[in-house]
Amino acid sequence: MTAPPITPPVPVTVPFFPPDLFDGDREALLDAVRAVGTGPGQRFILGEHTARLERALGDRLGPGTADVVACSSGTSGLSLLLAAMDVGPGDEVVVPAFGCAPLAATVLDADARPVFADIDPVRLTIDPAAAEALIGPRTKALMPAHMFSVMADMPAFRALADRHGLRLVEDSALAQGGTLAGRPAGCWGDAGVYSFVQVKTFGMPGEGGVVLTRDAGLGRAVRMLRNHGQDGVHRFVHHRVGHNSRFDEVMALFQLHRLPGLDARLARRAEISAYYSRRFAPLADRGLVAPPAGGDGRFPYVYTVLTGRRDELRAHLAARGIAAHVYYPRPLPAQPAFAPHAAPGAAWPNAESAARRNISLPLYPHLTDAQVEHIADAVCAFADAHPDPHPNRER
Ligand SMILES: *Cc1c(COP(=O)(O)O)cnc(C)c1O
């Protein structure tokens, strides 16, 4: 009897997070290290390059942006904002029940309580009606987040915040490049944030982010809070209990180098995203649901589909060398760290459904057309071979 042939593992030909994001800019990175490392001032944080990057990002956002403040991460930006808004013990902040950990963790770090609102089943972003139902006497702020490639319903949240006299923190960490009704992501809230962690649309080889705001007072407070509560003029005078959330000069120089290419990279992401959407539109009948069709309030960060056969799809793609990613396998209130702070007995059915069914496909600017077609072919072949007997056409 001959042994069955051993099937060699299929090599990953399309990684989910590409390791070569900065290959074309390696010389610029080394130049930045050299320039800052040998600069006469030996200034490594919060120097002239950081200031130039803040101005350049502010210019892109157009008139009305009062301040762009670089800080050490998107998460830290949210924390600085909550601190600047005096969110603290006894306060509640309404956040989505489905999303990334910082949405709950930054509120808890401020000694306030996150109140989890269910999401919209189509956009996968926080549902304004669910959020409104949770507003009470202790509510201090609303913190909607943009998700995957879809902006939250910011006009509704702006109106809600105004009607109830609440602060509005916009978690736009991954939404740089998106606009809704002509207004950039991050500019709908009292303030927003962008993250520059490696894989984000304006990612970099390090940690960092910015806070952006149209409220000059808030901008000043965040500027102070990012550097131990100092005002930038008088050293060792601490006006507020601050944080250490400063920005690195090497990274600032590198980001200034990368900024002119950002729009082209966003356009290529949008092109790939639109191609996926064309290919996947007919699959809804077979139980594979693509993001809501493009247009206003979209940004091409990752491409996330929903399917009741998520784990089978993931295996099917892996067998074809394609790495996919499940971002959030559980809703936030079901995480061990946050469950003790969630309302007992509450349910978040749309968040739970999204957590069971979400899977994200590779989406980055230097995917080749052939790779993009290979991914789309593989997803379509899966849907054809495994039609969901109970297609849920809702996302
Ligand atoms: C990435 C991200 C963050 C955190 O940003 P970091 O720079 O990684 O701290 C916060 N919120 C959302 C929605 C994100 O995608």
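Is Gln-42 buried, exposed or partly exposed? I looked it up: Gln-42 is partly exposed, because its relative accessible area is 42% (buried means under 20%, exposed over 50%, partly exposed in between, with a 1.4 Å probe and protein chains only).

**Ground rules.** I'm working with a predicted model, where local features need pLDDT of at least 70 and side-chain atom pairs count only at pLDDT 80 or more, while totals for chains, interfaces and linings use all residues. Residues are numbered from 1 along each chain as its sequence is written, and side-chain values use heavy atoms, with hydrogens and water left out.

I found Gln-42 in the loop between helix 1 and helix 2 (helices are DSSP runs of H or I, at least four residues, and strands are runs of E, at least two, numbered from the N terminus). Its phi is near 50°, a positive value in a residue other than glycine. I noted this because most residues other than glycine have a negative phi. Phe-148 also has a positive phi, about 60°, and is not a glycine. I traced Phe-148 to the loop between strand 4 (139-142) and helix 6 (154-164). Phe-148 counts as buried because its relative accessibility is 4%.

**Helix 8.** I checked what covers them, and the cover includes helix 1 (26-37), helix 2 (48-61) and helix 9 (262-280).

I then picked Leu-256, which has its place in helix 8. Leu-256 is buried because its relative accessible area is 18%. Leaving aside neighbours within four places in sequence, Leu-256 is in contact (heavy atoms within 4.5 Å) with His-49, Arg-52, Leu-53 and Ala-56.

**The ligand.** Which residues are around the ligand? My list includes Ser-73, Cys-100, Asp-171 and Lys-200 (a residue is near if one of its heavy atoms lies within 4 Å).

- A backbone N or O atom of Gly-74 is 2.8 Å from a ligand oxygen.
- The side chain of Thr-75 has an N or O atom 2.5 Å from a ligand oxygen.
- For Ser-195, a side-chain N or O atom is 2.6 Å from a ligand oxygen.

Taken alone, the ligand exposes 380 Å², and the protein buries 87% of that (areas come from the Shrake-Rupley method with a 1.4 Å probe).

Technical notes. A polar contact is a pair of N or O atoms within 3.5 Å; within protein, one must be able to donate a hydrogen and the other to accept it, and residues adjacent in sequence count only if both atoms are side-chain atoms.
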